Amino acid sequence: MLTMKSLKKVYRTALVETHALRDFSLTVKAGDFAAVTGPSGSGKTTFLNIAGLLEEHTDGLYELDGINVAGMNDDQRSALRNEKIGFIFQSFNLIADLDLYDNVDVPLRYRGFPKAERKRRIVESLTRVGLGSRLHHYPAELSGGQQQRVAIARALAGTPKLLLADEPTGNLDTVMARGVMELLEEINGQGTTIVMVTHDLELARRAGRHVHMVDGQIVDIAETDFARLRAA
Amino acid sequence: MEIAPILKSLRKNPVAGLLISAQIALTLAILANVLFVVTERVATMSMSSGVDEPNVFTFGSQNIGNSRVPVDGTLADLEAINALPGVIAATTQIGVPMGQSGWQTSITLKPEEQTEGPERVAAVYMGGERLLDALGVKLLEGRNFRADEVTPWMSGDQPKPPVVLISKALAERLFPGESALGKMINITGDPGEPAQQVIGITDSLASPWPRSRNPDRIVFVPLRPSGSTSFVVRTEPGERDRVMAGIEEALFAVDRNRIVDGIRDFEAIRDNAFESDRSMAVVLSAIALALLAVTAFGIVGQASFWVTQRTKQIGTRRALGAKRSDILRYFQTENALITLLGIAAGSALAIAVNGLLVKYLSFGALPWNWLPLGALIVLVLGQLAVLGPALRATRIAPAIATRTA
């Protein structure tokens with residue numbers, strides 16, 4: 001699903017050159033649930049941005065679902081991002097002026113789905129996260145956990161192959177965080193590949209693979225018997 | 001198109017959008033009326049005088065003392081001017097098209113007829129048998145004055161000639177559907193038997209007051225102003241400036257006891273006639289441009305604020321798959337919707353403003369087709385004004401979506 005080989009990302013200014021990713025190699029197979037952890041400045045967000053085609057890498061190979069993304073122009077990257085990737089952000093990034101229905105509709109419109117198809121997907125995905133009865137509520141009328149569920153519904157509505165979660169529980173209390181994590185596990189259990197960036201080691205350990213980064217490099221990859229852990 | 005969600009979003013936060021719409025409405029209301037008035041003035045300024053303008057000039061001659069018999073002196077002057085090389089015709093005159101001074105009268109067709117108001121008003125042009133030639137006006141029907149029909153006229157005389165020429169517009173007004181030739185009319189302005197016979201119909205030409213209600217109704221009378229009076233001269237093409245430069249010397253050769261003044265070509269006459277129209281057109285155009293600029297800056301300011309305010313939202317949209325063109329289209333569509341609301345309100349306001357202008361300032365009624373033109377201008381203005389901020393929005397990186405601040 002996601003293959004990175006000897007990936008580099010360098011940020012350059014007139015005065016300084018920062019190596020955010022160095023010789024970064026990672027493979028995430030279809031159906032995996034990978035968690036990426038590391039201290040601040042370790043390159044987690046850079047990895048997520050590159051994986052999500054939000055930024056371009058400086059050197060190395062990146063293949064998303066078998067497609068080499070090097071050399072793609074901005075429109076091609078946007079289209080590929082829309083089709084293959086669902087994003088879940090730490091601060092939800094819902095549009096406050098739009099109700100839940102229209103929020104989930106945003107990526108579907110960019111995909112060009114017809115109206116009826118969009119409606120089916122919106123209702124289906126919001127129902128899947130337990131908010132099917134609140135289609136026309138606004139984000140401000142929901143709790144943080146519910147808002148993150150809307151963001152998950154928005155990410156799922158386009159049936160992406162890869163779900164990228166950026167600190168999905170970072171703004172939630174323990175109870176809500178657990179609920180969101182269980183939802184992500186359920187989604188992964190249904191076959192969607194998830195890559196989650198988190199500070200929370202406990203959450204990371206619940207993922208099938210735990211990738212630990214320091215200074216732009218992977219320093220440890222731990223495999224977990226996810227099914228056993230979940231059963232426990 | 002994202003019309004529905006944009007509308008919902010605008011409804012959720014209506015104040016800024018409504019303010020811009022109100023500004024657009026006001027701009028359209030004023031712009032449509034200003035455009036109409038300016039265009040009307042420009043059309044008036046470019047109206048035809050009926051005169052051979054490039055080759056005609058006028059001047060005045062004031063006699064000093066009593067050195068000359070007025071009638072004989074005028075004949076001597078005319079003889080001298082008409083003999084100048086390059087001169088086609090010259091005559092003394094009272095009233096030339098667009099000249100801003102002259103006579104006017106009310107015309108009646110029956111002894112008991114009373115005329116009030118502008119319906120029968122016509123300008124009176126006095127001149128000799130060479131007046132038509134001196135202006136370059138064509139005779140369409142009938143005949144010109146004969147030399148023996150022309151009599152001298154001194155200031156204070158009441159014009160009661162036996163024959164007259166009238167312009168085509170006046171002929172059609174007085175005798176619709178029939179020929180005016182040979183008909184009797186009363187041009188004295190007093191009740192009485194019509195005593196002037198129409199012997200010729202001229203082509204259209206303007207009155208001395210082109211902004212008057214009926215600027216093309218003219219009566220020519222065979223009276224030759226004499227003494228201190230004005231002249232009109234028509235030259236061969238290309239000869240006017242040379243003849244103008246030598247006219248004073250030519251008249252001094254006849255008699256030096258005089259003042260020759262007001263030597264003006266027809267461009268000067270036309271400029272003077274439409275000075276207030278031109279000033280009004282310039283001032284109104286400046287106001288319209290200033291208003292458009294203020295509105296454009298308002299749109300730029302609001303759109304710039306929205307781009308800054310929505311930076312995270314734009315980044316998120318990009319992260320969710322929006323192309324740069326989608327972001328550009330979003331802002332353009334939003335602006336178009338706000339502008340259309342302004343256009344709807346502005347159209348009603350424009351009609352109301354025009355109603356007041358018609359009622360209190362005697363302006364013309366605004367034709368309906370000025371509103372779409374005004375609407376198109378503000379729509380294009382809105383799209384151009386929003387373009388800069390919208391392009392800035394397209395440059396917001398999608399990676400902004402993953403920043404937590």
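This is a predicted model: local features need pLDDT of at least 70, side-chain atom pairs count only at pLDDT 80 or more; totals for chains, interfaces and linings use all residues.
With 22 C-beta neighbours inside 10 Å, A:Phe92 counts as buried, and this residue lies in the loop between strand 6 (85-88) and helix 3 (100-111) of chain A.

**Positive phi angles in chain A**

- Most residues other than glycine have a negative phi.
- A:Phe92, although not a glycine, has a positive phi, with a value near 70°.
- A second case is A:Leu53, which is not a glycine either and has a positive phi of about 60°; A:Leu53 is found in the loop between helix 1 (44-51) and strand 4 of chain A.

- In chain A, 4 strands form an open sheet in the order 2-1-4-5, and the pairing is antiparallel.
- Strand 2 (17-28) and strand 5 (67-68) of chain A are the edge strands, each of which pairs on one side only.
- Within this sheet, strand 1 (residues 2-12) and strand 4 (residues 59-64) of chain A are joined over 5 bridges in the antiparallel sense, and A:Leu2 stands opposite A:Leu64 in strand 4 of chain A.

**Where chain A meets chain B**

- In the contact between the two chains, 27 residues of chain A are in contact with 23 residues of chain B.
- On the side of chain A that touches chain B, helix 1, helix 2 (74-84) and helix 3 of chain A each supply at least two residues.
- Sorted by class, this side of chain A has 10 nonpolar, 8 polar and 9 charged residues.

**Domains of chain B**

- Chain B is divided into domain 1, which covers 3-46 + 275-402, and domain 2, which covers 68-256.
- The centres of domain 1 of chain B and domain 2 of chain B, taken over C-alpha atoms, are separated by 53 Å.

**Strand 9 of chain B and its partners**

- Strand 9 (residues 196-202) of chain B has 6 of its 7 residues buried, so this strand is largely enclosed by the rest of the structure.
- Strand 5 (residues 139-142) of chain B runs antiparallel to strand 9 of chain B and is joined to it by 3 bridges, with B:Leu139 opposite B:Thr202 in strand 9 of chain B.
- Strand 7 (residues 163-167) of chain B pairs with strand 9 of chain B in the parallel sense over 5 bridges, and here B:Ser167 stands opposite B:Thr202.
- Strand 8 (residues 184-185) of chain B pairs with strand 9 of chain B in the antiparallel sense over 2 bridges, and the bridge partner of B:Ile185 in strand 9 of chain B is B:Gln196.

**Nonpolar cores**

- In soluble globular proteins, nonpolar side chains tend to be buried together.
- The largest nonpolar core holds 102 residues, of which A:Ala153, A:Leu164, A:Val195 and B:Leu28 touch the most other members.
- Helix 2 (residues 14-45) of chain B gives the most to this core, with 11 residues.
- A second, separate core of 51 residues includes B:Leu135, B:Ala206, B:Val221 and B:Ile269.
- Leaving aside neighbours within four places in sequence, A:Ala153 is in contact with A:Val104, A:Ser125, A:Leu126, A:Arg128, A:Val129 and A:Leu131.

Note on methods: Residues are numbered from 1 along each chain as its sequence is written. Chains are lettered from A and ligands numbered from 1 in the order in which they are written. Two strands pair if DSSP finds at least two bridges between them. A residue is buried if 20 or more other C-beta atoms lie within 10 Å of its own, exposed if 12 or fewer, and partly exposed in between; C-beta atoms are placed from the backbone. Two residues are in contact if their C-beta atoms, placed from the backbone, lie within 7 Å. Ala, Val, Leu, Ile, Met, Phe, Trp, Tyr, Cys and Pro count as nonpolar, Asp, Glu, Lys and Arg as charged, and the others, Gly among them, as polar. Domain bounds come from an automatic or database domain assignment. A nonpolar core is a set of buried Ala, Val, Leu, Ile, Met, Phe, Trp, Tyr and Cys residues joined through C-beta atoms within 7 Å.
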